[in-house]
Structures are given as C-alpha cells and as structure tokens.
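Open the structure in your viewer and keep the selection tool ready. We will go stop by stop.

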Amino acid sequence: MERAEAGATEVTRSSPRRLVLAGAVLAVLVAVPVVLGAYPVTTMTRMLAFAVLVLSVDLLTGVAGLPTLGQAAYFGAGAYTAVLVGLHLTSDAMAQVAAGLVAGLVAAAATGWVAVRARGIVFLMLTLAIGESVHQVADTWSAVGGSNGLAGMPPISLFGSPLLASGFVYWWVLAVAIAVFAGVALVVRSPYGRTLRGVRDNEARMRALGYRPALARYGVFCLAGAVAGAGGALWVAQARFVSPGDLGFEVAALALLSVVIGGAGSLWGPCLGAALVLLVRDNLSASIGGHGPLVLGLVFVAVVFLMPRGLAGAGRGKGPRRGRGKGRGKERPS
Amino acid sequence: MTPLLELRGLTRAYGSLTAVDHVDLAVLPGERHALIGPNGAGKSTLFATVAGTLPATGGNVVFDGHDVTALAESERARRGLLRTYQHSSLFLDCSVLDNVALAVQRVHRVAHRFDRAARRFRRTEAEACRHLESVGLAGRAGDRASALSHGERRQLEVAMVLAAQPSLVMFDEPTAGMSAAETERFAELVERLPDDLTLLIVEHDLDVVFRLADRVTVLHLGRVLATGTPQEIQADDEVRRAYLGSARAEELFTGGL
Ligand SMILES: Nc1ncnc2c1ncn2[C@@H]1O[C@H](COP(=O)(O)OP(=O)(O)OP(=O)(O)O)[C@@H](O)[C@H]1O
Ligand SMILES: [Mg+2]
C-alpha cells in the first residue's frame, strides 16, 4: 500500500486490477528460474534479499517518518548470525532465517531506545553512528573473521535436503521475501500502522490523545530490525559468505536511495527501487566503465526533481499531490 | 460536591510575561463552564498548561482528586483530561476516519496491535464512524484530512476529542471558522452530550456561551476577574469597568476576533 493512499484505506484496498497485477508479477517471479540461467537467477536472489532490507528502511522512513542510515547494521547482524548458525549449528534454511530475524530484532531493541527519542536529522545521524559502530566491530573482531569476514558456509537445506541449484535457493528466498512483504503490508494496514502514521504526521497531537510517541517509534524500530535481520539471512543463503562490506555505509545509503527512488511509504515501489539500484551497482557498473555510483547519483537527482513521489507516485498518475512541507503539525486557519 | 478540575494558583510565564497569573478555578463534575476574556488574556495558555502541553511555572492542577501537575500530557489524556486546539491540529496525511480512529483505538487498547487489518477491528471502526456521523462527516471518512474545508476540520477536531472518551474536555474556540450552520450543529452536539461529561469552553461567540454555559469565568491579563452564572457576568460592574468603559459587553468579547 502506498503512503500516498495509506490514509484512504477504505477506497483503495485490493481493487480487482491490483490483484490481477500482483498475481501476474508473482507468476513471473516464480517462473524466473525456469526461464533464466544460473547467473541472472543469483542476481535476482540478491535483489530479493536486498529488497527485504529496503522494506525495513521503508517501514521506518515511509510509514513512521524516520529516514534511517542504520538498517545495514541489523541486516549485518542477521547475516553474521545466519552464517555462524550455518557454520556451527545447522544448514537448515528456516533456522537460519529465524536466527537472523531474532538477531536483527535483539540488536535493534538494544540500540534503538536512544535513537527513537530523536527524529529528523538527529535520528538520521544517530542511526548512522549505530551503523558505523557495528561496521567497526565487524571489521575488527577476530571471532567473526575481522575484515576477512566469514566464508565456507555450507549450502542451505530445507527439510533435510541441501538446496544446491541456484533456482531452489531463489525460490526459498522468494518465498520468505513474499512472506515479509505480506507481513509489512499487514503492519501498515493494522491499528499499529495507523498509530505510526499518526506519529509521523503530528506527534504533538498524538501526545494530546494519550499516546507515547517514543514507545510507538521504538516498536517499529524493533520490527524493522527484525525485517532487516531476516533480509541479512536471505542475503547469505545465496552468498554463503559475509564480510564487513555487507553492513557498511554504502549498503545503508543504497537502501535509503531505493526507498526514495521507489517512493517512501509504498511497498512495491521501494522493492522495484531495490532491484534497480542493485542492477546498476552490480551489473551495469562494469559495462559503463565503473561509473555505477555516478549513474545512481544521477538517477537520484532525476527522481527527486521529476518524480518527487518516486516510482510508486509516477505509476499512480495524476493523484492528489501531497503537501510535503515540514511542520505540518500545526495547521493555522486561513 | 468535589470539583473534577481544580486549579490552585496556577501560573505560567513566558519569560517576563506572566500569561497565566495565579489562577484559582474549580470546575464541578458535569458542569459546562465557559472561559471568556479579550485577546491575549491567557485562555489558550491556561488550557495548554492544564493539559500538560506547557509546564506550569507555579501552582497546581488537581484533576479527579489527584495532583497531576507533574504528569506528562499523554498521562493526563489517559486519565480523561482532553483538549482541542484553537488552531486545528490534525493528521493531515491520514484519512478522516484514521483521525478519529486514532483516538478510539487508544481507548480500546488496540493501538499497538498488528495482527489484523485495522478495518477488522469492528468495534473500533464502528465507534469511529459513529463519532464522524455525530459531527456530520460520515460521508468524508475515506478522504484525506487535508482535503477538508476549514469548518470541516473544526468539526473533525470535535469528533476526535469526544472519541477519546474524555471525562473533561477543554474546547478552545471550537466554533471559530465554522459557518453559522456548523456552529448550530456544534451547539446541538454539545447539548446532546452526556450530562456527566464536564466541559470547559473558551468561546468568543457570546450567544454560544450563554446558551451552553452553566457558569462563566472571565479572564483578564492572566487573572480571574469574575466567576458566576451567565446572568451575573452580564450584569457584573467590575467586568464592564475592567474592559469596556461604557461600551457593551458584546463588543468587547467579539471585537477583534
Ligand atoms: N509561545 C509564546 N511565547 C511568548 N508569549 C506568548 C506565547 N504564546 C502566547 N504568548 C503571550 O501570552 C499571552 C496570552 O496568550 P494566549 O494565546 O494564551 O491568549 P488567549 O486568551 O488565548 O488569546 P486569543 O483570544 O487571541 O486566543 C499573550 O500576551 C501572548 O502574546
Ligand atoms: Mg487563544
């Protein structure tokens, strides 16, 4: 559901056209390993895992109004945990995702309380600091391989049988990504999602209605940490390797960029943005002489100027333009 | 009868300006109490201090037998002490229904649930719709709040605060910006409210004040000038002298607003 229409739930929920479109997209995604070769399939597996990270950023940025640069830390916590579980405990894919999810949740719960007391640029800087600190720890702590990271994780298995073909890993990652997408969509539509939009729109009024905005923000911060952790576990399910680079500033910035390109608050827009961003960084960058970051920068500028509401906003046609002004909390009469 | 709300020497200063100056006020349960006074008298500041939006610089707020002076605004709201704003304060990017449902779902203790879509919480949705209906906004439930006219926003503000199940509501100039028809609807709504709901109303429309209020308090330069029945206030010499000179009371209260 888009931020643009997040409020108007009644009017927009599951129109037949949207259902058909969603079904078609799903069918195409499921058919990918049948049609494409191993290399594009692994590329798309990575996109799906990255899209899960982007969903967690979107939950904070688009739904709760908290732009963040810290989600890569929880993504990394999930990734490292999943690799450690894979190396030392079990190759079971479900156990790894569950462990990654819990690791992201716990890491976010442990670090989030300070961050959620702030908002806006201060929140952004605090999350950046969290991300950099965690990156620093991963880079220097020898128990998790230091700057070399952790390699040699055995292939994941489901119900006892290892998933050796890239197509099976893809399907597993797709299944979890869809489940996460559905879960986030449910949060957005739930009473809690409404609470988050209220905090985003007018925190002072929420307090006057008896809410504790910091508590609501803490909850969504933990949820987003869990989602990012699951994303990290999916990332290593395919890579079978994790290094400090997977949780660095670049990953956090690209995730936020994907949300902006896709349209904050929409769920499918940022997923599309995630695919686009990884495509440019990993696949096109070589063919355009290593100018991937430059292209991404130009895309970013173009989106901000041409499609202020991102891909989701552009796909929506001429919807009502939303006021993006700051301090919308206090509306003065004429 | 013990008062529901009691202010004891309540003071609020902005730097050297004392906007609320040692105000003593008692509002009885079920009372409809009007607060009037010229621009800058400190009415809105008094509301903000009682609600907890602004900390008091002196004195006490006693609500329902408890001293709430040190409590946070959200905690006072949870105890049933609610207020509206002179300048509408809404959730403009949310739907009209969401605005009211936010108030209801907190009271129903489902504000942090995410196991089902909001519309599946039937009791909450129905209650929110009922409140929208009571202010004539049922047809706009799905619209975004920012699409409402000024008068409709005032109505939504009223629905929101009543949906939060208050035991005392402070209305800050509720009818400012409403059309005559909307003002009439508001007055009727207030008259239909349950008798045990206590109201404190800042209002410049004296017709509304004298129609709704059991008692009136006049505030002037942050101090209480007089408290009494509408008849007593209209006849009060000190009230007249303090602001009016020889002018009529109506002109004083409505002038400049
Ligand atoms: N944030 C503020 N900082 C400094 N002074 C303020 C502030 N808000 C209000 N004041 C001053 O405090 C006094 C009381 O203001 P307040 O808004 O409470 O009056 P009011 O009775 O509500 O007036 P009105 O009828 O215009 O709404 C005024 O002199 C005003 O200028
Ligand atoms: Mg005022």
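Select B:Ser44. Now select B:Gln86. B:Gln86 is also partly exposed, because its relative accessible area is 26%.

A word on the model. It is predicted, so local features need pLDDT of at least 70 and side-chain atom pairs pLDDT 80 or more, while totals for chains, interfaces and linings use all residues. Residues are numbered from 1 along each chain as its sequence is written, chains are lettered from A and ligands numbered from 1 in the order written, and side-chain values use heavy atoms, without hydrogens and water.

Next, show ligand 2, the magnesium ion. Which residues coordinate the magnesium ion? B:Ser44 does, through OG, and B:Gln86 does, through OE1, at 1.9 to 2.1 Å. Donors here are N, O and S atoms within 2.8 Å of the metal (3.2 Å for Na, K and Ca); water is not among the atoms, so sites may look incomplete. This pair links distant parts of the chain, 42 residues apart. B:Ser44 sits in helix α1 of chain B, and B:Gln86 in the loop between β6 (81-83) and α3 (96-107) of chain B. Helices (H or I, at least four residues) and strands (E, at least two) are DSSP runs, numbered from the N terminus.

Move to ligand 1. It is surrounded by 13 residues, each with a heavy atom within 4 Å of it. Among the closest are B:Gly40, B:Lys43 and B:Thr45. α1(B) gives the most to this shell, with three residues.

- Select B:Tyr14: an N or O atom of its side chain is 3.4 Å from a nitrogen atom of ligand 1.
- Select B:Gly40: a backbone N or O atom lies 2.9 Å from an oxygen atom of ligand 1.
- Select B:Gln86 again: an N or O atom of its side chain is 2.8 Å from an oxygen atom of ligand 1.

Last stop: the sheet. Colour the strands of chain B. Four strands form an open sheet in the order β2-β1-β4-β5, with antiparallel pairing. β2 and β5 (66-67) of chain B stand at the edges; each has a single partner strand, so one side of each is left without a neighbour in the sheet. Strands pair if DSSP finds at least two bridges between them. Between β1 (residues 5-14) and β4 (residues 58-63) of chain B there are five bridges. To see one, select B:Leu5 and its bridge partner in β4(B), B:Phe63.

Definitions and conventions. Polar contact = N/O pair within 3.5 Å; in protein donor to acceptor, adjacent residues only side chain to side chain. Buried < 20%, exposed > 50% of the residue type's maximum accessible area, 1.4 Å probe, protein only.
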